Amino acid sequence: MKNLSMKLLRDMKQSIGQFIAIVLVIAVGAFFYTGLVTLSDNLSSYTKGYFQEHNLSDLNVYYSQISAEDVADLRELEGIQHIEGRYTVQAAQAFEDYKATVTVHSIPVPNAINTSRVIEGRMPAEPNEILLDSHYAGAHHYNVGDSITLRVNDKDMTFTISGLNENVEHAKKNETQDHQAYGIAYISEETIPEIAGGLFYNEVMIDAQDGYDIDKLGQAIEAHSQSLPYLSQVSKERTFNYSQTQQTIHNNKLMSRVIPIVLFLIEAVILFLIMSRIIDSQRNQVGIMKALGVKKRSIMLHYMGYPVLAGVLGSILGFAIAAALFIPLITTSIGRSYSLPDLTFSLSLLTLLPPMICSSAFGMLSCYLSGRAILQERAAQAMRPKPPKKMKKLLIERVPGMWSRLPYSYKIILRNIFLNKQKALASSVGVVVSTVLLITAFGTQTALLKVAGQIEEVNTYDLRIDYAMGTSPDTAALPSGIAERYELSTYPVELIQGESKENATLVVTEKENELIHFYDEKGNRLSLEDHGVLVPKSYADQYHISEGDTIQLQFTAPEYNQTTVDMKVLDISTQYSNPSFYSTPDYMKSLGIDYNPSSLLVSVHSAADLAEVRSFFEQDPQVEAIADKTDLKKSAQYMLKQNSFIFIMFIVCAVILSFGAIYTISSINIYERNRELATLKVLGYPKRKINRLIFSENMLLTAFAVIVALPISGYVYSIIIKALSSTHQQIPDQLNLVIMLASVVLAFFLTLLSNLMLRKKVTQIHMIESLKGVE
């Protein structure tokens, strides 16, 4: 066994480039597996513990005004574990060239729901003290003890920062997590009279009993609030903060399953091809070992040691690279996307086992399947070269005058390919897999760019104005700079399909609205009509909805008492980001649903009018939020920034996998043809012609592989996109010609690079040793 171990090390040393290529192939799979699994598991377990520790509210109920006594009365309702009232107000802070919005909450006494984690300092104890979120403070260079002036309810108020915090209800502030323009602050209850003019609340936070139906509880609260100035309510699942966090966790889990599985399968194919070719090329050495009395089992274990050692080294290398590169990058990325204090990502040594076991198992299996036939041969038979195969005339030889006109080198290439069809096919399979992976990697990155690009393409308004709950746009007196304006309203709904229910959003706006564009999957414009609803393609694909079908939507806001309506599907709309159902006010009225617009979309005549129009809405006390084209661009850029890292790494890893496969297979081809190439050298063939002979053959095989890979890549890409998509996220599933062309060019480039790196291997062929090796 010691001698066999020495032989194994010698084989690796003789083909060190080939061994390194195999290790890199395995390292790529281990890198993505350990990194993505760590991201998914750590984020999921942290958020679950964080939400429980700080008791994220199950239901938030909003009133114009409610007293502490009224809140105490609500506590008696069935299903409520704990209830707290607070006052919430939107404040503004003016800076030199922009304004920031700060949401100010009062802190209930005692506070057991949506509790804060104090990062620095202490909770506010005096009326003039404020607890500021640490990210907003960092963006504006505030420290504990500094003063901050906020405009609240049309008056300026100055507070002293008592501490910096993060709160579980604002882990995700907005789409772009813009800490500079949006902040959160907390004040003591003693400050409420100074701000509101009296001690009352306008928001109630509810912690429901475990397992109690939130919808039923919401209806009971609304019924109990008939004599109160009730506005609306939002369940935990409907809050932007919670829904976005859960969607991210869902997407990460999908990626942690899909991408590693794809890479492991590709890794398995490449390992199988490589190990089977290595054993086949060393059949004479197997014969020598058998002749020397080495047991079959020992020979088999000797060759199995090659993939096992490569699997161990590759898995460790992938683990180390993930620790050094993947973990710091996702830590930064999640820290930029969410406010999750003390969240850390640490790799577990257990994540080493799956890639190590998978790569070793596939390698050992390929050794067994390839080696068992050779081990069944007698030693003398295995030591002899395989008898030459009978070669029939090629089809091209049967064409009069064509074969004779071909250069001699091309005749050698064609004869070698068709004489060793199985080997040529095996080599092509490796290149096919590599090309498919390249096309898929480039396609996913392009899809991401298309998703971000559609945000601005679909939304063409200059300003979007969202009004406070219970209020509507007043279009009677708008500034003259407005060119177009359209109202809209957003309703939380559930899509009911048989026994399944899916959360969704229904947006209602005028059918004449030209500030929101709709497209089908072919890029054709769609329009709203008064006799149906536009359904997002993501929902249509998931629930097999087609144009002309009838769907059921249930309104989940308590004021609609679980009203369910049957709606005709007008068309299927392609919506990559934040997919929603769209309908018109007239269609809603025909279904018996009241339409109360809550937002306004406007376009202006010129850039000069934009500042004046924005200023007009900023002074309206009923306006809750204003977004413009800059915000849309930020949203698109943010989406690219947050997701491009993984897909760029996917492209890099695809290139490494492709190069590893092409280099290794080309290296084995040269090794198998040592005798033939040595013969050509003895006959006086120049080195450049021998190189051209081999490398032209490689290029020809790559060309064949690329032709085969193109239709396969489309199918594989569609499977991956389908696995990564959900009802709340649609990813373009069509490859364009530029992507496929770029991937093909890169495949040829990698083949050329492998050829250049293998020139030295051809030069080092020892003529006499190769020719007399059999004797």
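Which residues does Thr751 touch, not counting residues up to four places away in sequence? Let's keep that in mind while we walk through the model.

This is a predicted model, in which local features need pLDDT of at least 70 and side-chain atom pairs count only at pLDDT 80 or more, while totals for chains, interfaces and linings use all residues. Residues are numbered from 1 along each chain as its sequence is written, and side-chain values use heavy atoms, with hydrogens and water left out.

Start with the overall view. The C-alpha atoms of the protein chain fill a box of roughly 105 × 60 × 55 Å along the principal axes. The chain's secondary structure comes to 23 helices and 22 strands; these are DSSP runs numbered from the N terminus, with helices (H or I) of at least four residues and strands (E) of at least two. Of the 775 residues, 54% count as buried, where buried means under 20% relative accessible area, exposed over 50%, and partly exposed in between (1.4 Å probe, protein chains only). Among contacts (heavy atoms within 4.5 Å) between residues at least 6 apart in sequence, 82% join residues at least 24 apart.

Because 27 of its 38 residues are buried, H2 is largely enclosed by the rest of the structure. Just after H2, Asn55 takes a positive phi of about 55 degrees.

Now look for the open sheet of four strands, ordered E2-E10-E1-E11 with antiparallel pairing. Its edge strands, E2 (80–86) and E11 (230–235), each pair on one side only. From one strand to the next, the twist averages 20 degrees. Two strands pair here if DSSP finds at least two bridges between them, and six bridges join E2 to strand E10 (residues 201–208). Across that pair, His82 stands opposite Asp207 in E10. Helix H6 (residues 214–224) lies across E1 (59–66), E2, E10 and E11, running at about 10 degrees to E1. For such angles, axes are lines fitted to C-alpha atoms, for helices over the stretch in contact, and values run from 0 to 180 degrees between N-to-C directions.

The UniProt record (unreviewed entry) places the feature "transmembrane region" at several spans, including residues 20–39 and 737–758. UniProt positions are given in the numbering used here, feature names are shortened, and annotations may be inferred rather than shown by experiment. In the model, residues 20–39 are 100% helix, with end C-alpha atoms 28 Å apart. Residues 737–758 are 95% helix, and their end C-alpha atoms are 32 Å apart.

That brings us back to Thr751, found in helix H21 (residues 737–757). Thr751 touches Ile662, Asn698, Met699 and Thr702. At 1% relative accessibility, Thr751 counts as buried.

Finally, what about the cysteines? Taking a disulfide as a pair of cysteine sulfur atoms within 2.5 Å, the count comes to zero. The sulfur of Cys367 is 16 Å from the closest cysteine sulfur, in Cys358, too far for a bond. Cys367 counts as buried at 0% relative accessibility, whereas Cys358, at 25%, counts as partly exposed.
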